[in-house]
Amino acid sequence: MSRTPRERTNPAGKRPGKIGRAGKDAPAVEPLNIVHGALPSREVILRFIADHPQKASKRELAKAFGLKGDNRVELKHMLQELEQEGMLQKNRKSLIRPGALPPVTVLDITTRDKDGDLIGRPAEWPEDQGVAPAVAIRQQSPAGRQGKGKAPVAGLGDRILAKIFPAVDRGGPAYTARIIKVIDKRRGASMGVFRSAPGGGGRLLPIERRGEEMVIDPDYTGGAKDGDLVEIEIARLGRFGLPRAKVLSVVGSVGSEKAISMIAIHAHGIPHVFPPAAIAEAEAAKPATMSHREDWRDVPLITIDPADAKDHDDAVYAELDVSPDNPGGVIVTVAIADVSWYVRPKSPLDREALKRGNSVYFPDRVVPMLPERISNDLCSLKEGVDRPALAVRMSFSGEGRKIGHTFHRVMMKSAAKLSYQQAQAAIDGNPDDKTGPMLEPILKPLWHAYEVMKRGRDRRQPLELDMPERKILLKPDGTVDRVFVPPRLDAHKLIEEMMIQANVAAAETLEKKRQPLVYRIHDGPTLAKQEVLREFLATLGISLPKGGNVRANSFNGILAKAEGTAHQTMVNEMVLRSQSQAIYSPENIGHFGLNLMKYAHFTSPIRRYADLIVHRALVGSLGFGEGGITPEEEATLDDIAAEISTFERRAMAAERETIDRLIAHHLSTRVGEEFAGRVSGVTKSGLFISLPDYGADGFVPISTLGTDYFIYDEAHQALSGEKTGLGYRLGDSVTVKLAEAIPLAGALRFEMLSEGREMPAAVRSFHKAGRRERGQVRKKPGTRPPRGRR
């Protein structure tokens, strides 16, 4: 194939321009040398993707460069090579440069530049990628684009969905953005700790890393006392001196758990107060009617949930399939609360649910997606009470293959409310007064059905990571009592597998109806992450197949080889880190971790907006009556998927940070004590240490490890001394001393007490080969240990 240029032109066939970031004072950027119809070079591909993120899918690239036939295949191979080398990474349907913003991003507007223009930053940004990039917000005229319609207008503190463009001015932010939609208008309230001053008034100490101290005048303290966590609004911004603030409300003492969870709620902008219109709509809601419903109140569906659950949105029932065409088969029924009946598109309840995206769970509270009148009452499948539901009846063969399913809009009445422990105890031979009578007719058929379904799961081989989930038990005063790992029961696995199969059935039905929907997708590991994992596993004598066709069972084989060895935890963590993040999307690529081609969240519409969208799609496409999806919703599924994916990450971060703060507060009185820990992360700047007994993570700065020069070896996940050859690897058991605890930041700093162990020969040869430039990090004498957190 010839790459000789026939003409200097861009993909649109126009004259070449200066493509890249170039302002009027910036030096000229060499134009792209493109031949329409010829395969471009790697450098041209990378520059084009950086400058045209909205055209960065494989299809758009082929179209832009006019590629057909073999050239399209060559382009695909080139993009795979760039991914493997870490030069590109996937983002939903498009490709982006590592560290670059995707074409559509959720931004928080945080400040203004010197000219008064708004500046935003990504609402969620990985910690390992440093500081989130700044984005200049382009406000449109009130008349909208080209004078058509109203343009969304945003201000400081707002959260927006924005279209991202590379900046053309080198002197400013790297990106500009056009507002697609204002997601959340925050009224400028901020949060901090009040410190009283002699004579009245005081100062506000920020809880956010980039926050600034503020002055609070005596008349504006709002009754706050020294050490109170308060919500404030800026009263005055002057050109000189500190900003002045007014206390709006007192949350409570910074020592209380309530205050700690409120820090996370505020820091991530999680809506936690329902507007009056949503509350009024919920309170006025009436029980659902029998319109378009089947009467299933005689079906003995039961709920199995945590013992302290307040809402019950799924119920299950199983029986043998008596059809002669399905010997040994079972029929499994899953019924899910019919939230779509009560929460209609564009209603106050719907707008608030979309703004939240999902419920957020903290150790002491839940910030629900829907008001309690809906989530804990009308849509909770309470025992012995009529409740509307969407149900799926699934048939499985004796080998565990799903051979058919049907959906129904029903009125049901739960036969019993059981906890996981209660149901498991009955199956294990210890039934109580409630489970005894239902053991033979209900519980044993459920467990038999699970055993049948498990055959199909074992054949499918989803990714089976062994990562115990720790729970925090609080005392009555809201402080930490203990941290424990709850047992993983067959009752948990039974409900999980039945919910997964119901989700699969929902996706299959909607696809068959050609109905737009929001999928739950999970891409496979990028080639770059596979290579990092492959190098690490090689140090343990474990191989990972090369190529882009790695499947979930490939990782299961690796996990099986590590099981029972000293490396088991380390291998599980590294495999987990290699995985992509699951997101929502109207475009389906399958679910890698579950090893499923069609998957959509259907089973939790009380706490996830994605499930509510799927319910509406089923109601509309199956002719189930009121509450179906609207054409307006279908047209905005891309935006909805981007928003709720971001809100899910927001909830996860808030939950994790609250636990970090709780544990840091719990351990703040034990500074100087020794703890047994494990190396959970290795970086150029030091070691992350987890305390298994507390579910806590802290940091050991490299500057405190000793007098040796320490070298970072990414492949072996190790820090080792250049002279002694002693060091630390991921997974090592160590003893550390707690040097500092900062509860408001959720930060713990440790000092290492364990001497490093002798590194494997491969790590020592890494030094002798003189390749320290790959990752050498030296202790800087006299440097102060950093106080950052993970």
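The accessible surface of this protein comes to about 37000 Å², of which 49% belongs to carbon and sulfur atoms; the areas come from the Shrake-Rupley method with a 1.4 Å probe. Please note that this is a predicted model, in which local features need pLDDT of at least 70, side-chain atom pairs count only at pLDDT 80 or more, and totals for chains, interfaces and linings use all residues. Residues are numbered from 1 along each chain as its sequence is written, and side-chain values use heavy atoms, with hydrogens and water left out.

Of the 790 residues, 50% count as buried, meaning under 20% relative accessible area with a 1.4 Å probe.

The secondary structure comes to 17 helices and 34 strands; these are DSSP runs, helices being H or I of at least four residues and strands E of at least two, numbered from the N terminus.

I turn now to one helix pair. The axes of α11 (residues 527–538) and α13 (residues 568–578) come within 9 Å and cross at roughly 165 degrees. Axes are lines fitted to C-alpha atoms, for helices over the stretch in contact, and angles run from 0 to 180 degrees between N-to-C directions. The two helices are therefore roughly antiparallel, the term for angles over 145 degrees.

Which residues of α11 meet α13? They are Lys529, Leu533, Phe536 and Leu537, and their partners in α13 include Met570, Met574 and Arg577; contact means heavy atoms within 4.5 Å.

In a second pair, α14 (residues 609–621) and α16 (residues 637–667) pack at about 150 degrees, with their axes 10 Å apart. Tyr609, Ala610 and Ile613 in α14 meet Leu637, Ile640 and Ile644 in α16.

Technical notes: Angles under 35 degrees count as roughly parallel, over 145 as roughly antiparallel, 65 to 115 as roughly perpendicular and the rest as oblique.
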